[in-house]
Every structure is written in structure tokens, then in C-alpha cells.
Amino acid sequence: MKIGIIGLGTVGEGVLKILALENKNIKLKSGADLEVKYACDLNIDREFSFDFDKAILTQDYKKILSDPEIDIVVELIGGETIAKNIIMEALNNKKHVITANKALVAKYGPEIISAAKDNCSLFLYEAAVGGGIPIITPMIENLIANQITEIRGIMNGTSNYILTKMKEDKLDFEEALHLAAEMGYAEADPSYDVDGIDAGHKIAILSSLAYGGYINFSEVYLQGIRDISLVDIFEAEKLGFSIKLIASSKINEDKLVEISAEPILLKNEKLLSNVNDVYNAIEVTGSYTGKTLFYGKGAGMEPTASAVISDIVKIATDSVINSNFFFDTKSHLETVDTNKLKHEFYIRTSKDFDLEASALELYEEIDNYYIIIAENISRNELDETFANVKEKLIIKII
Ligand SMILES: NC(=O)C1=CN([C@@H]2O[C@H](COP(=O)(O)OP(=O)(O)OC[C@H]3O[C@@H](n4cnc5c(N)ncnc54)[C@H](OP(=O)(O)O)[C@@H]3O)[C@@H](O)[C@H]2O)C=CC1
Ligand SMILES: N[C@@H](CC=O)C(=O)O
């Protein structure tokens, strides 16, 4: 199998490196005969920390797309414009495509998957969710006997790293984000990480695999972590909770999906409360398995590259389940308006809120804020109640 890798940043360099180091072992274990014919990046004059034949380096991805010898194109440049063109052109040229680009899969999955089917090519994206954790393949293969009814987890390494550093090292948000970017965890535009968008992409992808249809990404309820301060982290701790960015979805009997990516106050005894640093953990509920848990590093060079290589080997060993059920491009899954659902909430509001005029009870006053715990209330009701305050943070409690 001849492979062209496009994008040699964090993930692409990892793929090139592991293939250079492990090619013989991979062949021994799987029988797959892999050759990287091209490795493409804008900057090819830099130093690499491992040995490989530099003749494979190119700055021109079009060479890869038009070379009839190339079987697999690995798209690792990220973004939604050139990356999408590369993927579509590669598929239309009858090449198999592998990506780690969750934004593209979540937003354009139906279009890309249809193009793959039309061209009898394969489109795989194990690295798009959970970094190094095998999760897409288990959803398609190992859990195939089950009806999946619920998925819940920590799916963004950067935000989990930030929340962990804020809690354990008392770093403020910006310092922790800076560290996450240095480690290669954050997206090129880190607002994807901290505004819940990346976790939203991932839960949309998993739900589209699980429930026999596709989720329209714009229907995922999103809330990020950028407004969470040390005050909230330590208030939560006093109450016996941790704050985690949780992506979740569940399907009800009417086939309506409740789907969100948002910070949640989780009881400290819960398993997900204790998943820290760049680690992700994804809990999948199946009709026969009950809950299964997938845990590991959710971002970073080597874990993510490991997932990309598993897709390469699947294609090379011709072992891909490619039915229409998973990410069914013809069946749009309807979603529930989560703003109407009643829950318990943690609220931090500035003191211009007229507490006496409201039916809500004060839990504590801290600095210039009221902390309020509100029960059996919807986001819509809370948004109306706190519409005019200078500052507010509203987080669901589970
Ligand atoms: N980092 C991670 O932990 C994970 C990332 N992902 C996904 O993997 C993908 C890649 O991410 P990551 O490796 O972090 O991104 P990086 O920004 O580190 O790498 C992208 C690379 O592609 C290069 N590039 C950009 N445009 C072109 C082009 N037209 N032709 C050739 N090369 C180009 C960039 O060069 P230059 O820098 O010069 O622009 C850069 O070297 C993204 O979709 C991301 O969401 C998925 C899971 C984990
Ligand atoms: N930025 C992402 C990278 C992996 O998907 C994250 O932090 O999880």
C-alpha cells in the first residue's frame, strides 16, 4: 500500500515517525506492507527527530492526489477549506482517505461519506475522537450486537488539561491554555477547545455512528469553559463536585436525541470526575454490554498518530465494515431542545441580580458574586431570570 501524508504538524509528524520506526513490526503483526511515498508539508526544510528518506518530502499535495500509485491519502492539515478539497479530490480519484479532522467529519460527514461510497473508496477517522483511544472501531465492530442508547464522556484533552491545571496548580485559565497549546493538544484555533466546539464535533460523530442516522452539528447544545474561574472550581470542590467539560447524547423511545457538550458539576465519587490532565474517558451504554468505558490520552502527537495508523492497517488488511447504518447519510436524527429541560444548576452571578425579588435561594456570597443552586428549572427560565445581570455563569449539576 502506498501512502501520502498531507500535513506534518503534531499528528502528521507522529504518523511519519511511528511508521518509520515500526513498519517492520506492523508488517509482522498484520501482514500489511506499508510504504510512505510522499510526506507533504508547507515547511519541509526543518529538522526531524527521526531518520527517514527525505526524498519523500514535498510541498505540493496535488502531486499526491494525482499519483495513480497512491492508495491512501492521510489528511492531517486540519481546517475546513483546503482539507475538505483534498479529501473530496482524493476520494473522487478513487483513493482511500484517512483523517483526524473531526470538524470536517462532524460538519460534512454525510457529503464526504457519500462521495466515498460513490467512488467505492474508504473514509476512516479513528483519530477524530478520543486521540489514542480506540472508540470509533469499537462502536462499529465490538459493540455491533448492541443497540447503543447513551454516550457520555470527556472528549476534549485541552479543556480537561486546563480544568485540571486550574484545580491542582491554581493556574488561571489563560496560563493553562498556553501550556496545553505548547504540548500540541490545542486546535489551531483554541476556541474550538475551550468553547465546547471540538467536544461537540466528537459527540456528533459518535452519535451519528451509534443511532443509525446523522446528527446535524448545528443542533448540538454547546457551552464552553472560558468563563469558569478559580472561584467556581473551588466552590464546586466545597460542594463535593468537580467541573468537567462533558459531551453526551442519549436517544429516547421516539428516536429524539438529547445532545450537548457543556461544563458540568459532577459529584467527586463519579468516575468521570477523576479523569484528569489530557486524558479522555468515554462511556458507551449498549443494550447487552451495559456501560463500557474507554479511557486514554485524548490528544497529542503519539497517541493520535497511533489511531491514524490503525486506520491505515485496517485498509491495508481489507478489514473495514462499511455498511450504511453507521453515519447513515440519508437519515437525519431529530434532536431535543435541551434549553427546555429541567435540571439542577450552579449559578454565579454579579450582585446586581435582584435576589430578594427572585424565588431563588442564596447558597453563598463570595467576592462580588452570589452563588445560587437552583433546582428543577430550565436554561430558558434561567436565561430569562438572569437576562440583565452584568456577569453570570450557569452550569448544570449531575
Ligand atoms: N493535535 C492533536 O492532538 C490532535 C489533532 N487532531 C486533528 O488532526 C489534524 C491536524 O492537527 P495537528 O497536527 O495538531 O495540526 P498542526 O497545525 O500541528 O499541523 C498541521 C500541519 O499541516 C501543514 N499544512 C497546512 N496547510 C498545508 C498545505 N496546504 N499543504 C501542506 N501542509 C499544510 C501545517 O503547516 P504550517 O504549520 O506551516 O501551516 C502544519 O505543519 C486537525 O484536524 C486536528 O483537529 C485530532 C486529534 C488530536
Ligand atoms: N484539541 C483536541 C485534540 C484532539 O482531538 C483536544 O484537545 O482534545
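Helix α1 (residues 10-30) supplies the largest share of the shell around ligand 1, namely three residues; helices (H or I, at least four residues) are DSSP runs numbered from the N terminus. The model is a predicted one, in which local features need pLDDT of at least 70 and side-chain atom pairs count only at pLDDT 80 or more, whereas totals for chains, interfaces and linings use all residues. Residues are numbered from 1 along each chain as its sequence is written, and chains are lettered from A and ligands numbered from 1 in the order in which they are written.

In total, 28 residues surround ligand 1, and the closest are Gly7, Gly9, Gly78, Ala100 and Ala299; a residue is near a molecule if its C-beta atom, placed from the backbone, lies within 6 Å of it. By class, this shell holds 14 nonpolar, eleven polar and three charged residues. Here Ala, Val, Leu, Ile, Met, Phe, Trp, Tyr, Cys and Pro count as nonpolar, Asp, Glu, Lys and Arg as charged, and the others, Gly among them, as polar. Ligand 1 lies between domain 1 (2-128) and domain 2 (136-298), because both give residues to its shell. These bounds come from an automatic or database domain assignment.

The centres of domain 1 and domain 2, taken over C-alpha atoms, are separated by 27 Å. Their contact takes 13 residues from domain 1 and twelve residues from domain 2; two residues are in contact if their C-beta atoms, placed from the backbone, lie within 7 Å. On the side of domain 1 that touches domain 2, helix α4 (residues 102-118) gives the most, with seven residues.

Around ligand 2 are found Gly131, Asn156, Gly157, Thr158, Tyr185, Ala186, Glu187, Asp193, Asp198, Gly298 and Ala299. One of these, Glu187, carries the feature "binding site" in an unreviewed UniProt entry; such annotations may be inferred rather than shown by experiment. Glu187 lies in the loop between α7 (173-182) and α8 (191-194). Glu187 is partly exposed, because 19 other C-beta atoms lie within 10 Å; a residue is buried if 20 or more other C-beta atoms lie within 10 Å of its own, exposed if 12 or fewer, and partly exposed in between, with C-beta atoms placed from the backbone.

In α7, the buried residues are Ala176, Leu177 and Ala180. Seen down the axis of α7, these residues fall within an arc of 100°, so they line one face of the helix; the arc is that of the directions from the helix axis to the C-beta atoms. On the other side of α7, Glu174 and Glu182 are exposed.

Definitions and conventions: Helices (H or I, at least four residues) and strands (E, at least two) are DSSP runs, numbered from the N terminus.
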